[in-house]
Structures are given as C-alpha cells and as structure tokens.
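Dear colleague,

Please find the structure below, handed over for your records. My notes on what was found in it follow directly after.

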Amino acid sequence: MTLLRNDHGAVRVLTMNRPEARNALSTDLFEGLYAALGEAEADDSVRAVVLTGADPAFCAGVDLKQAQQLGMEYFARFDAMNCMTRIVDIATPVVGAINGATFTGGLEIALACDFLIASERAIFADTHTRVGILPGSGMTARLPLTVGWAMARRLSMTGEVVDAARAEKIGLVTEVVAHEHLLDRALELAGQIADVPGPVMAGMKEIYRTGTAAVTDAALAAERAVGATTHVSTDELAARQRAVAERNKRQIDR
C-alpha cells in the first residue's frame, strides 16, 4: 500500500509508503492521501492527524518518472486532488513528522501542515528551479510565511539543502528530536491537540488559515500565471531532472 493508516486514540497517523522511491508523489499516493485526509476530517473520532513518511525520506516531491510518462495527465490529476491544499483546507489539524529528506513538492506538503517537528536526519530543499520548473502548490506563499521573505528567496533561488538543526534555527520546524523518538513526540503533540474540543480547535485552525489567505491566494495565483508562460526545452528539462534526482539520492543516502 502506498499510504498506511494507523489510529492512536483520537490521532490518525498517515504514512507515505513508497520508500523505494523516497515517497515520491505517484498518482496512487497523492490521490490516496487526498482521500485519506478527507476521511479523517469526516470521522468525528479523529481529532488530529500526524503525517510522516516511510524511511529514509519524508517525500521527494513529484514522481519524475511517472510525470514524464503521463505528461500533462499527471499534473491534471494532481490539480484535481491537490493534497497540499487539502491539508490546509480540512478542519482537522495536521502535524508534520519529518523523518528524512523533504524536497520540492515534498517541502510543499510539509509547509501545508499546521506545524512541523523533525528527526535529526531530516533535510530540506526547494529544488524547483534546479529541476527546471516553477512551484504551483504554494511554496512561494507558505515558505516566506514560515522562514521570512529573504530566507525563502535564498532557499528557492539556490536550491541549497538545509539540515534539521538549521531548519529549526530558521523556523522551518518547531523542534528536532532523535530519529527513534520522532513518532512518539509527534503523537504526544497531536494528543495535546486532540484534548481540545473539536469545534474550538477547528475554529483555531480556521483563524490561522483566514489570516494568511490574502498572501497565500495571491502567491498561488502568481505561481500559476507565471508558470503558464515559463518553459524550458524538453531535453534541458530531462537533463536537469536527472541531475537533481541524482543529487537528492546522494543527500538521502548520506
């Protein structure tokens, strides 16, 4: 199964489970995650969600192989079931438990969560430009809201890799823990959320969502508008994707 579900009392743990592909977003995975988030929101017994990945990665982003095979069909299906937007829109809080490498689309998934805690093994990078594409799921809205505008520009423009300690320093994650304690700590924090009456917590999430909506909506519109007019040749795109995939693999395997 590409997505695992386990309930711990009122907390549902969703685990992206394509470890052989660094949990890259295949159509099965992102459509399954989209559906599972909706099911969690509809289940009154679920008061919080923990989202994580099967080791060694949290999520490597777009499944480049499948995207090349399916072409625009891949992106059309993703737009129809955008799991980043789903995380933000559901009333149930989502805690991101970042267990490993979190790149590009994977970072957009992480940023959509209400907050993040990280394993000491976690690393982060926005490699959109290095791959030869522009973000389309909120990177340019949520990254600056999390780490500040200058740092967000730096990360997106350079594609540099940030380790867990630095991620905590710049505010990307709220806490770093030993790898073996990550899920327990995430469940502990999610349990504190689940203790609050559901309508109150849903209201709190909605206040935060509404408060950032103006920035987020404008950035999303800009991502789509600029992305629609920015193109890289197919050959160059393929070469860049291979190079970045190899770099990401080396980072994960370190």
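Leu107, Glu108, Leu111 and Ala112 of helix H5 (105-112) are in contact, meaning heavy atoms within 4.5 Å, with Met139, Arg142, Leu143 and Thr146 of H7. By class, this contact has 5 nonpolar, 1 polar and 2 charged residues; Ala, Val, Leu, Ile, Met, Phe, Trp, Tyr, Cys and Pro count as nonpolar, Asp, Glu, Lys and Arg as charged, and the others, Gly among them, as polar. The model is predicted, with local features requiring pLDDT of at least 70 and side-chain atom pairs pLDDT 80 or more, while totals for chains, interfaces and linings use all residues. Residues are numbered from 1 along each chain as its sequence is written, and side-chain values use heavy atoms, leaving out hydrogens and water.

Helices (H or I, at least four residues) and strands (E, at least two) are DSSP runs, numbered from the N terminus. The axes of H5 and H7 come within 10 Å and cross at roughly 60°; axes are lines fitted to C-alpha atoms, for helices over the stretch in contact, with angles from 0 to 180 degrees between N-to-C directions. The two helices are therefore oblique to each other, a term for angles that are not under 35 degrees (roughly parallel), over 145 (roughly antiparallel) or 65 to 115 (roughly perpendicular).

H7 also packs against helix H8 (residues 149-158), at an angle of about 130° and with the axes 7 Å apart. That makes H7 oblique to H8. From H7, the contact involves Met139, Thr140, Leu143, Pro144 and Val147; from H8, Trp149, Met151, Ala152, Leu155 and Ser156. This contact has 8 nonpolar, 2 polar and no charged residues.

The second largest pocket holds about 830 Å³ of space. A pocket is an open set of points on a 1 Å grid over the protein atoms alone, with protein on both sides within 12 Å along at least five of seven lines; a cavity is a set where a 1.4 Å probe fits but cannot get out, and lining residues have an atom within 4 Å of a point. Grid points are joined across faces, edges and corners, and a volume is the space filled by probe spheres set on them. Of the 29 lining residues of this pocket, Leu111, Ala112, Cys113, Asp114 and Tyr208 lie nearest its centre. H11 provides the largest share of the lining, 10 residues.

The structure holds 1 cavity of 30 Å³ or more. Its lining comprises Leu107, Phe124, Ala125, Asp126, Leu155, Glu160 and Val162.

With kind regards
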